[in-house]
Amino acid sequence: MNLELRLLLRSPLLIAAALAAALVTTLALLAGIAQVRHVDAAMHDAVAFDARALDDARARAHDAPLDAGMFGYGTLFAVPHPPASGAWFNLGDTLAQPAVQRLRLLGLQGQVHDGTGGNPAARAAGTFDAAFVVAVLLPLLAVAVFAPLAAEEREARRDGLLAALVASPRSFWLKRVVARSLVVLVPVLGPILVALLAMDASLALSLGVMGGATLYALGWIGLCATLALRLSGGSDAVAARLVALWALAALVLPALGGLALDRMAPAVPGSAIALAHRDAVNGAWDRPKDETFEAFFAHRPEWRGTPPVTGRFHWKWYFAFHSVADWRVEPLLIEARAAKRDRQRARDALGWLLPTVALQNLFDGLSDQGIEGDAARQRAARRFHDELRVAFYPFVFEERLIGASDIAALPTPAPSVRELRHRPAAWGALALFALLGLGALWRSARRIG
């Protein structure tokens, strides 16, 4: 193997490919870290801005207590949605989702789902991060390294001589494959390992990233080496066929799989929930107030003894029909959650057919992206909104003014909790891919020529 490594290091093209892969991986890691720090800074700026606005309201309340309804209507509270601990490696939806969820004491669902399409420019452009390098560029490097594996022997007319001299063809080829594998693995996984250590990543995240990337790389190494041994023709012909396979397996089929998922397991868009909530709010203006209050008291019986609303408008009626609108869209929320679960199950199933999809599923779980990340934002928003309603409703329904000490006692938003998840289906699919690739290589290395 040492001889093979020395021979490889004499190839300017392989050295250039390895250095380019290391450079691209490093740039992707630095870009991911910079993007996460930018999002984190924007989140802290937004939280600080709303905190200053709340301080201004408290200062005004020192002079004279404020109308509680107007305060609840006009005051914004920022619920932080920090990037996940592994977002620098796999940005996912980090750039497309808001860094904070701003809330008022109005209906929750209309606010949480308004604009949940995220940043369309970020979604359209995709993300350049280390996960992309592993999923797409690492297989391309494997193609470049392994395409000449057997073809260069045929081109130099050494295959007949090797067949006569080599006692164990399998040992001969496997040593070459191991040496070339280092040229694939080290330039990509080396910088990632350094970044994991530099970023003080958790053991679970480090093992997940390195383990998943290694299984994926071994699958591609086994596949490329097998085809390089089996395909006839020169290095260029073998490389062309391997590049076509790479484009199909790493780019085209995952994209088509995503389109198929959109048809087979369509998601309930957040805009549909926000629109249904807005319709419920707008329709409440034309309904009898008693109807709104009966629906409200059915969920909040503790306020049934509040003085009746006799005038044309009252803040407690306004806040009541916003709460009722939240409850009326609950069936749509249940449908949306079920659709997300169905979609994730479909993605897991697709991962058994497409290793690139399995790898992305694994990385999304490790960095709390996709369905789970958005659910964390909504849970944090719901939790704070419920706490805020409990603290604020007495001022509205008991028709009291709100003072400076009351504002200071209001709950403070807590950041969303981001969790690391190991997805068993993704691990199983990647392990199967690695076993199939290496098994095929073991069978193909039985002979020379």
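How many nonpolar, polar and charged residues does the lining of the largest cavity have? In this predicted model, the lining divides by class into 5 nonpolar, 6 polar and 4 charged residues. The largest cavity has a volume of about 120 Å³. Its lining is made up of 15 residues. Nearest the centre of this cavity lie His 81, Asp 93, Thr 94, Gln 97 and Arg 418.

In total, 2 cavities of 30 Å³ or more were counted. The second largest cavity holds about 30 Å³ of space. Ala 280, Ala 284, Arg 287, Thr 292, Phe 321, Val 324, Ala 325 and Arg 328 line this second cavity. Two elements give two or more residues to that lining: helix H12 (270-284) and helix H14 (315-328). H14 gives the most, with 4 residues. By class, the lining of the second largest cavity has 5 nonpolar residues, 1 polar and 2 charged.

Thr 292, one of the residues lining the second largest cavity, sits in helix H13 (residues 289-299). Thr 292 counts as buried because its relative accessibility is 5%, under the 20% cut-off. Beyond residues up to four places away in sequence, Thr 292 touches Trp 317, Ala 320, Phe 321 and Val 324. Of these contacts, Phe 321 and Val 324 also line the second largest cavity.

Leu 227 belongs to helix H10 (residues 203-230). Its relative accessible area is 23%, so Leu 227 is partly exposed. Leu 227 touches Leu 242 and Leu 245, leaving aside residues up to four places away in sequence. Val 177 is 50 residues from Leu 227 in sequence, and the C-alpha atoms of the two are 12 Å apart in space.

Conventions
Residues are numbered from 1 along each chain as its sequence is written. This is a predicted model: local features need pLDDT of at least 70, side-chain atom pairs count only at pLDDT 80 or more; totals for chains, interfaces and linings use all residues. Side-chain values use heavy atoms; hydrogens and water are left out. Buried means under 20% relative accessible area, exposed over 50%, partly exposed in between (1.4 Å probe, protein chains only). Contact means heavy atoms within 4.5 Å. On a 1 Å grid over the protein atoms alone, a cavity is a set of points where a 1.4 Å probe fits but cannot get out, and a pocket is an open set with protein on both sides within 12 Å along at least five of seven lines; lining residues have an atom within 4 Å of a point. Grid points are joined across faces, edges and corners, and a volume is the space filled by probe spheres set on the points. Ala, Val, Leu, Ile, Met, Phe, Trp, Tyr, Cys and Pro count as nonpolar, Asp, Glu, Lys and Arg as charged, and the others, Gly among them, as polar.
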